[in-house]
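Hi,

Here is the structure I promised to pass on.

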Amino acid sequence: MDSEIKEEIPVHEEFILCGGVETQVLKCGPWTDLFNDQSVNRPKLLIFIIPGNPGMSVFYVPFLKALYSLTNRRFPVWVISHAGHALAPKDKKILTSLADQNAQEIKDIYGLCGQIEHKLAFLRTHVPKEMKLVLIGHSIGCYISLQMLKRAPELPVIRSFLLFPTIERMSESPNGRIATPLLCWFRYAVYVISYLLFKPCPEKIKSLFIRMGLQAMNLECEFSLMNVFEPFCQANAVYLGGQEMMEVVKRDDETIKEHLSKLTFYYGSKDNWCPKEYYEDIKKDFPEGDIRLCEKNIPHGFILHFHQEMAEIVADCLKDDLSKI
């Protein structure tokens, strides 16, 4: 099944200007320009994926393809990088639109609040306002998804999936207790080490490390992973992570309550970013909600080896919603 997906489903890569920052968008399906496509075959719905941190969309390609295939290739499935987490190769053109050029500058775009506005800016400038949306957030992407619903309740979102949701008490989680000192207190040291290690490193050596890493993990990637070794991207991921530890504290029960009917939460059974007690707490507070605990031992970072299993779960949950489109 995996090899079939890889062979038959092309993914279109674009670098666009969004909020004044170059942004990578990977698009699965034949539709690449939803605004200017006025044909009768233009889809009525977009499945939009918001990544975790680091927010490099290339890691989501296998999940993208699997979900597109499992939803019978009826709807586009797109994933967007976080602002500052992906730089375009030197030979890659950055696409701009009039709406992008005239858009307001986003304050602190590399921070948590700025990343939320970055995603909203993309939807406003690249997706027709009448087009229905399925939002899929992963990890901190779940927090961003909830905040998008809060800030733009007019968005025609019919379903929002929150996969392994880091939406509360991040610094108190087992991983958060380790990450908080590193991301908040020593981040400048991380910046310096990253710059000294990777800035002078030749491209050939970086490519070798990437090939060795992919081989060791038994993975393939059809798009460049050079941003993994880019100090600018690493610094922005660390900066965002530090803000996550400080700002993602209290669960936004008001927004959850308002949009509960369209939310599906999926918690890991062994997740050190959002432990089982977080699932038990939200399940107790919202007993009528669609709040699930994984029974398949899928890890928090499912995109590497469990993309097919996760895509099957999401596609199965979407069956009723998509049958009405």
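Let's start with helix 2, whose buried residues are V61, F63, L64, K65, A66, L67, Y68 and S69. Buried here means under 20% relative accessible area, exposed means over 50%, and partly exposed is in between (1.4 Å probe, protein chains only). Helices are DSSP runs of H or I with at least four residues, strands are E runs of at least two, and both are numbered from the N terminus. Eight of the ten residues of helix 2 (residues 61-70) are buried, so this helix is largely enclosed by the rest of the structure. Just after helix 2, N72 takes a positive phi of about 60°.

Before going on, some housekeeping. This is a predicted model, so local features need pLDDT of at least 70 and side-chain atom pairs count only at pLDDT 80 or more, while totals for chains, interfaces and linings use all residues. Residues are numbered from 1 along each chain as its sequence is written, and side-chain values use heavy atoms, with hydrogens and water left out.

Now the open spaces. The largest pocket has a volume of about 680 Å³. Of its 28 lining residues, G52, N53, P54, A237 and W273 are the closest to the centre. Helix 9 (231-247) and helix 6 (174-185) each supply at least two lining residues, and the largest share, seven residues, comes from helix 9.

There is also one cavity of 30 Å³ or more. Its lining is made by F161, L163, T264, Y266, R292, M310, I313, V314 and C317. Strand 7 (157-163), strand 8 (263-267) and helix 12 (307-323) each give two or more of the lining residues, and helix 12 gives the most, with four.

On the terms: on a 1 Å grid over the protein atoms alone, a cavity is a set of points where a 1.4 Å probe fits but cannot get out, a pocket is an open set with protein on both sides within 12 Å along at least five of seven lines, and lining residues have an atom within 4 Å of a point. Grid points are joined across faces, edges and corners, and a volume is the space filled by probe spheres set on the points.

What about charged pairs? The structure holds 14 salt bridges, each being a side-chain nitrogen of Lys or Arg within 4 Å of a carboxyl oxygen of Asp or Glu. In one of them, D252 pairs with K150, with the closest N and O atoms 3.4 Å apart. D252 sits in the loop between helix 9 and helix 10 and K150 in helix 5 (residues 140-151), so the pair ties together parts that are 102 residues apart in sequence. D252 is buried, at 16% relative accessible area, whereas K150 is partly exposed at 48%.

Another salt bridge joins D281 and R169, where the closest N and O atoms are 2.9 Å apart. Since D281 lies in helix 11 (residues 276-285) and R169 in the loop between strand 7 and helix 6, this pair ties together parts 112 residues apart in sequence. R169 is buried at 19%, and D281 is partly exposed at 25%.

Lastly, K319 and D316 meet in a salt bridge (3.6 Å, N to O). Both lie in helix 12, three residues apart, about one turn of the helix.

Cheers
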